[in-house]
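Please open the structure in a viewer and keep the selection tool at hand.

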Amino acid sequence: MHRKSRRLMKGSITRTKFLEWVLCPFSKDPMHDPVVCADGHTYERLYITAWMLKSEGAIGPMTGLSLPSKVLTPNHFACNIIEQLTNGGARSTPRS
């Protein structure tokens, strides 16, 4: 196991830090439907979809680089973290 991984496991990350990681870069609110864009970043589906329509899906909002694809992939890991932090782990809606 890497040194950094061991440090993270010892509780050095706070709940507040996790909350910062699950905020949508556009809205600055916790995401409800997090998706990964081709730039590798996670966004709230509503906002990245609007961005892609506005920019014709050509440029990644965080990187400023051309996107090779408009495919958005659900980020299940982010979704699980958000559920744990906001609902104490209780899912509000079932996911398929």
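A residue is called buried under 20% relative accessible area, exposed over 50%, and partly exposed in between. By that scale Tyr 47, at 35% relative accessibility, counts as partly exposed. The model is a predicted one.

**Confidence colouring**

Colour the chain by pLDDT before selecting anything further. The mean for the protein is 80, and 72% of the residues reach 70 or more. Among the elements, helix H1 (residues 3-12) has the lowest mean pLDDT, 54, while strand S3 (residues 73-74) has the highest, 97. Where pLDDT is low, the predicted coordinates should not be read in detail.

**The aromatic cluster**

Select Phe 26, Tyr 43, Tyr 47 and Trp 51, which form one aromatic cluster. Rings are paired if their centres lie within 6.5 Å, and planes under 30 degrees apart count as stacked. By this rule there are three aromatic pairs. Phe 26 and Tyr 47 are a stacked pair, because their ring centres are 6.3 Å apart and their planes meet at 15°. This pair links distant parts of the chain: Phe 26 belongs to the loop between helix H2 (15-21) and strand S1 (34-36), whereas Tyr 47 belongs to helix H3 (residues 45-54), 21 residues apart.

Keep Phe 26 selected and turn to Trp 51. How is this aromatic pair of Phe 26 and Trp 51 arranged? The pair is tilted, with 5.8 Å from centre to centre and 45° between the planes. Since Phe 26 is in the loop between H2 and S1 and Trp 51 is in helix H3, the pair ties together parts that are 25 residues apart in sequence. Phe 26 is partly exposed, with a relative accessible area of 30%, and Trp 51 is partly exposed as well, at 26%.

**A positive phi in the loop**

Next select Lys 28, which also lies in the loop between H2 and S1. Most residues other than glycine have a negative phi. Lys 28, however, has a positive phi, near 65°. At 54% relative accessibility, Lys 28 counts as exposed.

**Asn 75 and helix H4**

Move to Asn 75, in the loop between S3 and helix H4 (76-87). Is Asn 75 buried or exposed? Asn 75 has a relative accessible area of 14% and is therefore buried. Its side chain makes a polar contact with the side chain of Thr 42, at 2.7 Å. Apart from neighbours within four places in sequence, Asn 75 is in contact with Pro 34, Val 35, Val 36 and Thr 42. At the start of H4, a side-chain oxygen of Asn 75 comes to within 3.3 Å of the backbone nitrogen of Phe 77.

The buried residues of H4 include Ala 78, Cys 79, Ile 81, Ile 82, Glu 83 and Leu 85.

**The nonpolar cores**

Finally, select Val 35, Cys 37, Tyr 43, Ile 48, Met 52, Leu 67 and Leu 72, the seven residues of the largest nonpolar core. A second, separate core has six residues, among them Cys 24, Met 31, Ile 81 and Ile 82.

Conventions
Residues are numbered from 1 along each chain as its sequence is written. Side-chain values use heavy atoms; hydrogens and water are left out. Rings of Phe, Tyr and Trp (its six-membered ring) pair if their centres lie within 6.5 Å; planes under 30 degrees apart count as stacked, over 60 as edge-to-face and the rest as tilted. Helices (H or I, at least four residues) and strands (E, at least two) are DSSP runs, numbered from the N terminus. Buried means under 20% relative accessible area, exposed over 50%, partly exposed in between (1.4 Å probe, protein chains only). pLDDT is the predictor's confidence in each residue, from 0 to 100. A polar contact is a pair of N or O atoms within 3.5 Å; within protein, one must be able to donate a hydrogen and the other to accept it, and residues adjacent in sequence count only if both atoms are side-chain atoms. Contact means heavy atoms within 4.5 Å. A nonpolar core is a set of buried Ala, Val, Leu, Ile, Met, Phe, Trp, Tyr and Cys residues joined through side-chain atoms within 4.5 Å.
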